[in-house]
Amino acid sequence: MRQLIKSKCDAYFDEVVAIRRQLHQHPELSFCEKETAELIKKCLASKNIEFQSDIAGTGVVATIKGVSVRPTIALRADMDALPIHETTDLPYRSVNEGVMHACGHDAHTAMLLGTAFILNDLRDKFSGTIKLIFQPGEEKLPGGASLMIKEGVLDDVDLIIGQHVYPDLPCGEVGFHAGPYMASSDEVNITVKGRGGHAAKPAERDNALLAAAKIVSKLSELYPEKGGDVVLAFGSFIADGTYNVIPSEVNLKGTMRTFDEEKRKALKNNILKVSKAIASEYGCEAEAFIEQGYPSLKNDVKLTEKCAAFAKEILGKDKVKELPQLMTAEDFAWYSQKVPACFYRLGTSNPEIGIKAKQHTSDFNIDENAMKIGMGIITYLTINLL
Ligand code: NI
């Protein structure tokens, strides 16, 4: 089977590279992936693969049935690009000004199409059903994953796999982390209000600026920047007074991240409590509004260990790495809260040929050879898990 998958990956590689380049050249922002969806549909139709479209907007779900119906494994690729002005000199760089595939979702979509082609060819060789989820809007709240779940994509699914490119590993390697892997991410908004007024007349005004400063410093004492499994960081502090005017309102914006849903609740309550208590010391009032982002991404331990073992079979032991937890967030987390999930990383950098830029940067690129490896692994994992 390994040999058969490898030869299929070789056979479809050029087609998959061409798809990725076409997507890279025509990136679309979150929930606007119209041309992307059209290309996906065209590719699936060209191989007579059954699909449903217009799910959560531009989402597409393809289904490949093996010799029996159960179990059902879902594979997910995200489709959207970022509002970044591309600065690479690739011949297929973005023609959509200010939009760029800087997170590798072009490669995810192309690889999942390649995987669909291979699994479709091999469908009399496995039992079970494979659902290929082409998902819009990973980069934008509330996340396309949550909308697709609402439309029922997971209803008949036993487990889900997601593969994401990763410039921190070289092309040829993959990485796994069993258990909680990526953090939840919520947006923190705090408004401190008091009587504004003349800086030189403290008796006639409050000091919302001082109260807000104390809130930031107290919270950073409680949740220090380095160490621990919680991030609480403020990136915006707007006090729009002037030399001799203390403003009546100060607005703070920050991010709050953790791996544990209980800790997430506790953190949220504590931010509210600390803000209100400090504001009142200064005769001010504080309101805190925490906009819910993605939950934490939890890799099912058994499933992830199995996947890592299968990856070793196909790549060799030394090419499969154990990864540290990340404080960044990913909307695949929504799926991982519903069914056993494994989200792993595909190494894509190649410093020798200058491919080393990080994700979400204007010169991000991948070594396309990684896509052949990615297709091979996800196909092999899927067939072995069925
Ligand atoms: Ni991404």
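The model is predicted: local features need pLDDT of at least 70, side-chain atom pairs count only at pLDDT 80 or more, and totals for chains, interfaces and linings use all residues. Residues are numbered from 1 along each chain as its sequence is written, and side-chain values use heavy atoms, with hydrogens and water left out.

**The nickel site**

Cys-103 (SG), His-105 (NE2) and His-164 (NE2) coordinate the nickel ion at 2.2 to 2.4 Å. Donors are N, O and S atoms within 2.8 Å of the metal (3.2 Å for Na, K and Ca); water is not among the atoms, so sites may look incomplete. Along the chain, the donors follow the spacing C-x1-H-x58-H. Cys-103 is buried, with a relative accessible area of 7%, and His-105 is buried at 0%. Here buried means under 20% relative accessible area, exposed over 50% and partly exposed in between, with a 1.4 Å probe and protein chains only.

**The pockets**

A pocket is an open set of points on a 1 Å grid over the protein atoms alone, where a 1.4 Å probe fits, with protein on both sides within 12 Å along at least five of seven lines; lining residues have an atom within 4 Å of a point. Grid points are joined across faces, edges and corners, and a volume is the space filled by probe spheres set on the points. Helices (H or I, at least four residues) and strands (E, at least two) are DSSP runs, numbered from the N terminus.

| Pocket | Volume | Largest share of lining |
|---|---|---|
| Largest | about 600 Å³ | strand 5, four residues |

Of the 26 residues that line the largest pocket, Glu-139, Met-182, Thr-328, Ala-329 and His-360 are the closest to its centre. The largest pocket lies between domain 1 (2-182 + 296-385) and domain 2 (184-294), because both give residues to its lining; the domain bounds come from an automatic or database domain assignment.

**Strand 5**

Strand 5 (159-170) is among the elements that each supply at least two residues of the lining of the largest pocket. Strand 3 (residues 72-78) runs parallel to strand 5, joined by four bridges, and strand 16 (residues 341-349) pairs with strand 5 in the parallel sense over eight bridges. Two strands pair if DSSP finds at least two bridges between them. Gly-162 is the bridge partner of Arg-76 and stands opposite Phe-343 in strand 16.
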